[in-house]
Amino acid sequence: MSLPLRFSRRLAWGAQENQLARAEANRRASGLSDGLPFFDLTLSNPTQAGLPYPAEAIAHALADPGAAVYHPSPRGLLPARTAVAADYARRGATVDADNILLTASSSESYALLFKLLGNPGQSVLVPEPSYPLFDYLACLEGLVPRPYRLAFDGRWHIDFGSLDFTDAAAVVVVSPNNPTGSYLGADDCDRLSALTADHGLAIIADEVFADFPLAPAADAVTALAGRLGPALTFSLGGLSKASGLPQMKLGWIAASGPGELVSPALANLELVADTYLSASTPVQLALPKLLAIGDGIRQAIHARIRRNRQVLVDHLGPDSPCTLLPTEAGWSCILRVPEIMSDEDWALRLVRDEGVLVQPGYFFDLHMGATLVLSLLTPPDIFDHGIATILTVTSPP
Ligand SMILES: Cc1ncc(COP(=O)(O)O)c(C=O)c1O
């Protein structure tokens, strides 16, 4: 008899379906059978948000005949890296094209950096609350995610007491963070950079939402890329969010910090990237045009998130039992709802009874009463109905 097939411990988190996913599936199914409406306020795919996409210009950008020839380039083709450097300049950040490496996505950027920096079993310090993806990305590289807390006192900041550098491989910061929408403040950034450098570690700064400011604090660090601090810092960006083009599969890593750290780090990162060479030639050749096209898409996304947030603010009168947390940037917002039940129970009730799908705060390790995370990308008619329903359901009779 043969032994049962075993899978890697990297997948130890399993794939159990949670209660909310089951309730969502049931409600969607009854939508098909009984015509019950469904309002998805969790949308994160901009290409399915009813925004105008210049399909012909995108197709034209991808039609460069140069793509018939393959020039393998571990860091990415120079014209493409130069276009990314110019895009950083648009945001006021100075990054040399030589310090940029192209990848297939921000998720892949994490994977390459975790390979570069970590040994199996080491920890990666990840913020909490934040997007749960980092836990999976770390586990898949044989690393252990170790949370450090972001505290909220009207504004989010790092709880430095919760940072444990023991046997750590790297420190992840997400600025603006998802879903809190918070930028790293200048003091937190400087302190973290000093501490990280003291421990001989690097910062991985996820800045994929940096192009979507709503109300940044005066001291918000709007770009860690190109910022001179003592720690080696890898900033992540990509077409997925900045240009609303996730299907292009093109991300980048910009290295900054002391020159004596940046050069060997890039040389080693290049070795890792050379093993995969995953950014495709057509998309690299198209990158300067795609970034230009992305300007218009970004503006449309920006208008959508501003509009939806304003609608929510307007609906939340002074007597509302719900409060909206401040959002400096990004595609999400956090609504505090009455604590008469847990955020999971609110989310279940909304989807089962009303067909309104939201994410409960605990998905993101938000532990501050009952919170719901709403996507500001949601098409306006769906968003407005969802908001009206949430506010009616949460109001006392
Ligand atoms: C904060 C953050 N970083 C990275 C990603 C992944 O981005 P990409 O599509 O470039 O892999 C996401 C996806 O939503 C995200 O929220």
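1. Let's start with Y131: one of its polar side-chain atoms sits 3.4 Å from an oxygen atom of the ligand. For S240, a polar side-chain atom is 2.9 Å from a ligand oxygen, and for S107 an N or O atom of the side chain is 2.7 Å from one. On its own the ligand has 410 Å² of accessible area, and the protein covers 90% of that (Shrake-Rupley method, 1.4 Å probe).

2. A quick word on the model: it is predicted, so local features need pLDDT of at least 70 and side-chain atom pairs count only at pLDDT 80 or more, while totals for chains, interfaces and linings use all residues. Residues are numbered from 1 along each chain as its sequence is written, and side-chain values use heavy atoms, leaving out hydrogens and water.

3. Who else is around the ligand? Among them are S105, S106, V174, N178, D206 and K241 (near means a heavy atom within 4 Å). The shell splits into 4 nonpolar, 5 polar and 2 charged residues. Helices α4 (106–117) and α7 (239–242) each give at least two residues to this shell.

4. Now look at R28, which is in helix α1 (residues 19–34). Leaving aside residues up to four places away in sequence, R28 touches F38, D40 and L357 (contact: heavy atoms within 4.5 Å).

Terms used: A polar contact is a pair of N or O atoms within 3.5 Å; within protein, one must be able to donate a hydrogen and the other to accept it, and residues adjacent in sequence count only if both atoms are side-chain atoms. Helices (H or I, at least four residues) and strands (E, at least two) are DSSP runs, numbered from the N terminus. Ala, Val, Leu, Ile, Met, Phe, Trp, Tyr, Cys and Pro count as nonpolar, Asp, Glu, Lys and Arg as charged, and the others, Gly among them, as polar.
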